[in-house]
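Please read the points below with the model open.

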Amino acid sequence: DLTVERANGDFVRHLITEDLITACHDTSDGGLLVAIAEMAMAGHIGAKLLSTPENAAAFWFGEDQGRYVMTTSHADKIMALATAAGVPVAKLGTTAGTTLELEGGKSIAVADLIKGHEAWLPEFMAG
């Protein structure tokens with residue numbers, strides 16, 4: 001739905017121009033969890049993610065267009081603005097620490113993500 005996708009993009013652009021978010025990533029290439037992992041690697045900061053829904057694979061890895069992950073210190077304000085604009089929004093978790101952690105104890109060190117991300121091609125080419 002291009003109308004919804006544009007509304008979501010316009011909303012995110014507004015948040016950027018108002019300096020309400022500190023980072024943003026679309027989910028069209030790998031889904032939410034991949035976007036969050038890429039953001040964690042870029043910022044060298046972990047995240048603790050809230051509960052996983054019943055349809056976890058679709059939720060975390062669905063490559064929906066017009067869907068974004070943002071970090072902010074203005075969560076309440078953004079939630080209110082999104083509700084007023086009719087843009088779906090949900091809190092996914094908090095950023096802190098050195099691991100990317102799903103509720104229930106599944107975690108990986110951000111340093112290990114970086115190592116795996118940066119080392120795979122040289123290791124592949126050496127073999």
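1. In this predicted model, the lining of the largest pocket comprises 22 nonpolar, 10 polar and 2 charged residues. The volume of this largest pocket is about 950 Å³. Tyr68, Val69, Met70, Ala90 and Leu92 are the closest to its centre among the 34 residues that line it.

2. Several elements contribute to that lining. At least two residues each come from helix H1 (2–17), H2, strand E2 (47–49), strand E3 (68–71), helix H4 (75–85) and strand E4 (93–95). Helix H2 supplies the largest share of the lining of the largest pocket, namely 5 residues.

3. The second largest pocket has a volume of about 150 Å³. Among the residues that line this second pocket are Leu33, Val34, Ala37, Glu38 and Met41, together with Leu100, Glu101 and Lys106. Two or more lining residues are given by each of H2, strand E5 (99–101) and strand E6 (107–109). Here too H2 provides the largest share, 5 residues. By class, the lining of the second largest pocket consists of 8 nonpolar, 1 polar and 3 charged residues.

4. How do H2 and H5 lie relative to each other, and at what angle do their axes cross? The axes of helix H2 (residues 32–43) and helix H5 (residues 110–126) come within 9 Å and cross at roughly 95°; the two helices are therefore roughly perpendicular to each other. On the H2 side the contact is made by Ala37, Ala40 and Met41, and on the H5 side by Val110, Leu113, Ile114 and His117. This contact has 6 nonpolar residues, 1 polar residue and no charged residues.

Key:
Residues are numbered from 1 along each chain as its sequence is written. This is a predicted model: local features need pLDDT of at least 70, side-chain atom pairs count only at pLDDT 80 or more; totals for chains, interfaces and linings use all residues. Side-chain values use heavy atoms; hydrogens and water are left out. Axes are lines fitted to C-alpha atoms, for helices over the stretch in contact, and angles run from 0 to 180 degrees between N-to-C directions. Helices (H or I, at least four residues) and strands (E, at least two) are DSSP runs, numbered from the N terminus. Angles under 35 degrees count as roughly parallel, over 145 as roughly antiparallel, 65 to 115 as roughly perpendicular and the rest as oblique. Contact means heavy atoms within 4.5 Å. Ala, Val, Leu, Ile, Met, Phe, Trp, Tyr, Cys and Pro count as nonpolar, Asp, Glu, Lys and Arg as charged, and the others, Gly among them, as polar. On a 1 Å grid over the protein atoms alone, a cavity is a set of points where a 1.4 Å probe fits but cannot get out, and a pocket is an open set with protein on both sides within 12 Å along at least five of seven lines; lining residues have an atom within 4 Å of a point. Grid points are joined across faces, edges and corners, and a volume is the space filled by probe spheres set on the points.
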